[in-house]
Amino acid sequence: MRFINRHPGLGGRLLLALLPLILLALIYGTASTLRLADNPDDRLLPSLPQMADAVVRLGFTEDKRTGEYLLWSDTLASLERLGLGLSIASLAGLALGTAAGVFPLLGASLSPLLAIASMVPPLAILPILFIVFGLDELSKIMLIVIGLTPVLARDLEQRAREIPQEVLIKAQTLGATSWTLVLRVILPQLLARLLVSLRLMLGSAWLFLISAEAISATAGLGYRIFLVRRYMAMDVILPYVVWITLLAWAMDWGLRRLHRYWFPWSEGGRA
Amino acid sequence: MSFIEIRNVWQAYGDHVVLERLKLTVEEGQLCTLVGASGCGKSTFLRLLLGQERPSKGQLLLQGKPFPAEPDASRGVVFQRYSVFPHLTVLDNVTIGLELPRAHLTGRLWGSAKRRAREEAAQMLEKVGLGAAFHQYPSQLSGGMQQRLAIAQALIARPRVLLLDEPFGALDPGIRKDMHALLLELWRESGLTVFMVTHDLYEGFHLGTRLLVFDKVRIDPQAPQAYGARITYDIPLNSDRRQTREAIAALPPHVLDAINPVSQENHDER
């Protein structure tokens, strides 16, 4: 049988999914053990117990200086910035995208502007944000907002244009005004798309967050990673990276479930 | 004064003349079927009636007044596809036709007004045979049921004129026949003025009380786009079946061929 026609069974699928992960763990474990046998003070490839120690130290013991559980206060600080940034970017992107995609008069001004704005590398203007908005929370949230909004708006503008002309005309023949047409016909369809776009943009959002935290912060997952880098504390960095990945995956999963629950029509589901 | 009057209408896109010297008067309650070869301006004419486009020259009058220059509730429409809202259930798709004209701020009715609108929408849906599908989404409906929904949605807004752009073009022959019966029934009941573009000559003759044939009278082989189509035949129908048959026989063969040779053969047995 040709390779292209061979499918894994249920058990086979699980095994094949775990196989690369197990292999990676094995390779890491071997390399770590070998290095530690050579030099017990090696910091580059910490062993599993060393990493577990670090997690207990950061996540389940009070920090001596601040009296906080660092892992959780870092997580809270990062998620707060990320949540605010994503919410503001969503609202702004939705408003701009709808305006540009539905109303030709507004689109004539907004479309070229958004096209240019989405080409500006957000990290290149991070210094400007620090100068304008200061080194506090605002500049970090603004980086996420400025990084995501033009891209979200352009995507939603495109989706708004893809709504068939027939649908817009039909709504007008049913007595819709420009405002109610947007409210009842365009926005519900674009909201469904917004959740999909957000899922695709989550990676960029985390990138902007961690970059901003690395440069100037007093708490946050990115701040911690870059802080302990000075001591080559791989036993902290690696669990933090795993934790960030887990958080990002959970957000992606949540958005997918939300999409299925709120917009069953866009997946051919039942009411 | 006629209900609808078309006064010497021309429609051209740049050098491309699509319609020329269109003159027509239509009385209220007629069911006009529009036939003709592809690209001869039937749908353009429908878009003019709908207000989606404005004529290059001439005037379209509704009861002596110019047609509104944009689509509005005076003219309902059913397209071949994309006529319904994919994000609303069947019931909400029709209810929205009662909500939009009444609620200018939110586009929604609430409380008892909403309940009454839903009841009215439900009655309309029963009438078109969608009584069992209230809570489904359009993507779960068959093509025929989607068009039933589109018709119900258009009629709930009580338009003066109903415009149909090949509404049954994508349906199976058997379903199409059911839809013909439904359309005739609704038309008789409502007394609406209907314009229907079709590629199916049988459909045109069977449904219409008046058949309008669009064709180019003048053709310049060097510049095929220099001249537009006109209404070359204007045939009263179905007041008398015999009259209809004579009218078909009187059509020159090139018109018949141009319109739809295949559907002609298909319907010979009737």
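Author: Domain bounds, as used here, come from an automatic or database domain assignment. The model is a predicted one, in which local features need pLDDT of at least 70 and side-chain atom pairs count only at pLDDT 80 or more, while totals for chains, interfaces and linings use all residues. Residues are numbered from 1 along each chain as its sequence is written, chains are lettered from A and ligands numbered from 1 in the order in which they are written, and side-chain values use heavy atoms, with hydrogens and water left out.

Reader: Which domains does the assignment give for chain B?

Author: In chain B, one domain is made of two stretches of sequence, 1–74 and 160–270, and is called domain 1. The other covers 83–158 and is domain 2. The answer is therefore, by a domain assignment that is automatic or from a database, domain 1 (1–74 + 160–270) and domain 2 (83–158).

Reader: Which helix gives the largest share of the side of domain 1 of chain B that touches domain 2 of chain B?

Author: Taking contact as heavy atoms within 4.5 Å, 13 residues of domain 1 of chain B meet eleven residues of domain 2 of chain B. On the domain 1 side there are ten nonpolar, no polar and three charged residues, where Ala, Val, Leu, Ile, Met, Phe, Trp, Tyr, Cys and Pro count as nonpolar, Asp, Glu, Lys and Arg as charged, and the others, Gly among them, as polar. Helices are DSSP runs (H or I, at least four residues), numbered from the N terminus, and the largest share, six residues, comes from helix 5 (residues 173–190) of chain B.

Reader: What area is buried between chain A and chain B?

Author: The contact draws 26 residues from chain A and 39 residues from chain B. Buried area is the accessible area (1.4 Å probe) that two parts lose on being put together, summed over both. Carbon and sulfur atoms give 63% of the area between these chains, and the total is about 2700 Å².

Reader: Which residue of chain B forms a salt bridge with A:Arg184?

Author: A salt bridge is a side-chain nitrogen of Lys or Arg within 4 Å of a carboxyl oxygen of Asp or Glu, and the rule finds one across the interface of chain A and chain B. A:Arg184 is also one of three residues, with A:Lys170 and A:Leu174, that supply 31% of the area that chain A buries against chain B. The closest N and O atoms of the salt bridge are 2.7 Å apart, and the partner of A:Arg184 is B:Glu99.

Definitions and conventions:
Helix = DSSP H or I, 4+ residues; strand = E, 2+ residues; numbered from the N terminus.
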